[in-house]
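Student: I am new to this structure. Could we go through it step by step?

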Protein chains: 2
Amino acid sequence: MNDRIARLRNLLEEPLLVTNPVNVLYLTGLDSSNVALLVEPDRARLFTDFRYIESARAIEGVEAVQTMRSLIGWLAEELNGRFGFEASVLPWTFAEQLREGGLDLVPRTGLVEQLRAVKDEGELEAFRRACAITDRMFERLVSEVKFVGRRERDVAWDTTRLYHEEGADEPAFESIVGSGPTGALPHARAGDRVIESGELVVVDTGCRVGGYVSDYTRTLATGELDAELSEAYDVVLAAQQAGLEAIRAGVTGKDADATARAVIDGSPFAGAFGHGLGHGLGLDVHEAPRLSTESSDTFAAGNVVTVEPGVYLPGRFGIRIEDDVVVTDDGIENPVRFTKELVAVS
Amino acid sequence: MNDRIARLRNLLEEPLLVTNPVNVLYLTGLDSSNVALLVEPDRARLFTDFRYIESARAIEGVEAVQTMRSLIGWLAEELNGRFGFEASVLPWTFAEQLREGGLDLVPRTGLVEQLRAVKDEGELEAFRRACAITDRMFERLVSEVKFVGRRERDVAWDTTRLYHEEGADEPAFESIVGSGPTGALPHARAGDRVIESGELVVVDTGCRVGGYVSDYTRTLATGELDAELSEAYDVVLAAQQAGLEAIRAGVTGKDADATARAVIDGSPFAGAFGHGLGHGLGLDVHEAPRLSTESSDTFAAGNVVTVEPGVYLPGRFGIRIEDDVVVTDDGIENPVRFTKELVAVS
């Protein structure tokens, strides 16, 4: 942990007040919803309230300081001097409160996030375990679980149950189960719609193990597909393959996205892939780097990213296929084992 | 829903850009992680990206507008004029981005939150259903579930499973199961500690139904308690009773906290109640009003709040008892049915 704070120090022009709780978790191991870490050249102070102070005191290499529940207000009174702050995280009023308390604030963004984007071996091990459990969850989901005639939310519960049985710490997020036309809404929740036969079901799901998440999508079929659906599935699969092959250290998230997007835009489904190709994974389900038309990120070895093209025809159906991969110097490591062939469920 | 936007308009001195996704959910029913609602005198525009735009278009009374994934950057280019913004939510850089785009920004706080704090009958119905399910979950937890010899996290999983079986939409948050000395950490997660006989187990848990949450705590015993533990339990129970009796519309969150706190501070456990007495419940697990030494809130009829005093002796044990109540003009409605007598589990 102290190694992480040391690496952060190397990036700083002035002391940094870290207020994103996930960044504090990454740097210290403390999981608190009301916390700040002040990293100075010669020390690191960890501020939190009564509820978390005992846990904070057990952490080596930082000084734990108990604050009021109104943590930022307390810091505004107690601190002095010039500090960087996490400007893309800290709400506007809190920054003003610190300024009014006399602090000389320098807005900084992405400092801890750039460390978090490159995973170390321990982090990759947790990620690979999350993937192995997700693989087993999917194997059991398609072989043991009934789809047709049940509500999307019932299938979503089965993912939760199977993650538990396979040893995940928790689901990484509420599983998306989008059947038929619901699948055309890329972020629909699993709802009350009853799954019918002869349609596609988008299952977007992941789990957390040792802090780190997986995030897979597979599109399953509850019967024979017509020619258009089969073609759409093949297009998405080809786009994903192109995306996977485009990724290596030094390539940009924008170029990887463009490579996969070109496959869809060169098909009858041009324009039907409305979101980005993917995103980083780690302690958060969405983190750096991004793979999209708007991304300004460049891959580095040790990044963990999703690759998830899709085709969505509103009111009709959606298809998405998503793997999670580790970026290497000459390509990727893809730990995902569950098949991308179209799987029929009943 | 439109009634909520109309009531918000009555509070505004200038158009308000709502960027808290939960506030947008409250005002429009759209559940999106990347969203903004601009409430002007004569219209309301709902901005979101491709992933949610189909859902947004289905909402009556608002104009759905599709944006780039970088929603705030897009708004900075597209909008002009003078707007209020949610200053305690919007990160500092986003406010700067809007300013640099030429918007005349007025920081505003708590406008939607003050509407949300007073629940309407539909919201109260969802809350009462969440409480009824939590009651049944606790009844089954103490009668069907084994505690001694199992890990805290295994018992926490049983709460998740029982909520599902009883018809909750999802757990409201990750259940806290703190046994023995772990119970002295008010926000400890359920961990790998194996529960022993003859100790206290703090179970802090809730579920979500129709968007609205419950949040209960009970402290259970895995055997006979010594005299000190029994006395501590009685002190916490008396403090909670005093807190419940102090609450009605017009009373302050600070005074309710002080009333309960005085009971503990007049006992051998003076100083061992380190957090606030409670918080509002609704779409969020923590919302207005607050009950604490730092609170500046005054109760209104229709508030829903937790009442949760505790006694914590670091390294030894913790005790907390928590109900959820509706504030009325002359007191409270307490829908919680599960007993507050000390329950023995095995």
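Student: Which helix of chain A holds A:Ala6?
Tutor: Look at residues 2–9 of chain A. A helix here is a DSSP run (H or I) of at least four residues, numbered from the N terminus. A:Ala6 lies in helix α1.

Student: What model is this, and how is it numbered?
Tutor: Residues are numbered from 1 along each chain as its sequence is written, chains are lettered from A and ligands numbered from 1 in the order written, and side-chain values use heavy atoms, leaving out hydrogens and water. Local features need pLDDT of at least 70, side-chain atom pairs count only at pLDDT 80 or more, totals for chains, interfaces and linings use all residues, and the model is predicted.

Student: Is A:Ala6 buried, partly exposed or exposed?
Tutor: Buried means under 20% relative accessible area, exposed over 50%, and partly exposed in between (1.4 Å probe, protein chains only). A:Ala6 has 33% relative accessibility, so this residue counts as partly exposed.

Student: How far apart in space are A:Ala6 and A:Ala44?
Tutor: Along the sequence, 38 residues separate them. From C-alpha to C-alpha, the distance between A:Ala6 and A:Ala44 is 10.0 Å.

Student: Is A:Leu162 buried or exposed?
Tutor: A:Leu162 is found in helix α8, residues 152–166 of chain A. Its relative accessible area is 0%, so A:Leu162 is buried.

Student: Which residues does A:Leu162 touch?
Tutor: Contact means heavy atoms within 4.5 Å. Residues up to four places away in sequence are not counted. That leaves A:Met137, A:Arg140, A:Leu141, A:Glu144 and A:Val145.

Student: What separates the C-alpha atoms of A:Leu162 and A:Val235?
Tutor: The two residues are 73 residues apart along the chain. Their C-alpha atoms are separated by 30 Å.

Student: How many helices and strands are in chain A?
Tutor: A strand is a DSSP run (E) of at least two residues. Chain A has 10 helices and, for strands, 19.

Student: What share of chain A is buried?
Tutor: The count runs over 346 residues. Buried residues make up 59%.

Student: What radius of gyration does chain A have?
Tutor: The radius is taken over C-alpha atoms, and the globule rule is 2.2 Å times the number of residues to the power 0.38. For 346 residues, a compact globule would be near 20 Å. Chain A agrees with that, at 22 Å.
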